[in-house]
Amino acid sequence: LKADSVLQDRLRSLSNVDIKTKARTTEVIGEDHVTGIKYEDMNTGEEQVVNLDGIFVQIGLVPNTAWISDAVELNGRG
């Protein structure tokens, strides 16, 4: 996981979340709606299927901090 530690901690605190690392999604399953995903376990090469009701894809996060950049020093991620 590459998110800030506070976000990782919050994610790990959720009882309805199962974190999969070293996994490569190979297929989104479903016809009219998502019913699951198929992924490859990068440690074993084994293919796994997770049945679910939907997916949320997030790639990156751009913080809205430009307005304060003159007042405080920002880190590399803003």
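A few ground rules come first: residues are numbered from 1 along each chain as its sequence is written, and side-chain values use heavy atoms, with hydrogens and water left out. Because the model is predicted, local features need pLDDT of at least 70 and side-chain atom pairs count only at pLDDT 80 or more, while totals for chains, interfaces and linings use all residues.

Let's begin with confidence. The protein chain has an average pLDDT (the predictor's confidence in each residue, from 0 to 100) of 89, and 95% of the residues score at least 70. Among the elements, the mean is lowest for α1, at 93, and highest for β3, at 97.

Now for the overall plan. Along the sequence they follow the pattern α-β-β-β. The radius of gyration is 17 Å, well over the 12 Å that the globule rule gives for 78 residues, so the chain is more spread out than a compact globule. That radius is taken over C-alpha atoms, and the globule rule is 2.2 Å times the number of residues to the power 0.38. Along its principal axes, the C-alpha trace spans about 50 × 30 × 25 Å.

The strands come together in an open, antiparallel sheet with the order β1-β2-β3. Two strands count as paired if DSSP finds at least two bridges between them. β1 (23–30) and β3 (47–51) stand at the edges with a single partner strand each, so one side of each has no neighbour in the sheet. From one strand to the next the twist averages 25°, with axes fitted as lines to C-alpha atoms (for helices, over the stretch in contact) and angles running from 0 to 180 degrees between N-to-C directions.

Follow the pairing strand by strand. β1 and β2 (residues 34–41) are joined by seven bridges, and a hairpin of three residues connects them. Ala23 has Asp41 of β2 as its bridge partner, while Val28 stands opposite Ile37.

The largest pocket has a volume of about 1700 Å³. On a 1 Å grid over the protein atoms alone, a pocket is an open set of points where a 1.4 Å probe fits, with protein on both sides within 12 Å along at least five of seven lines; lining residues have an atom within 4 Å of a point. Grid points are joined across faces, edges and corners, and a volume is the space filled by probe spheres set on the points. The lining has 33 residues, with Leu1, Leu11, Phe56, Val57 and Gln58 nearest the centre. α1 (5–13), β1 and β2 each supply at least two lining residues, and α1 gives the most, with four.
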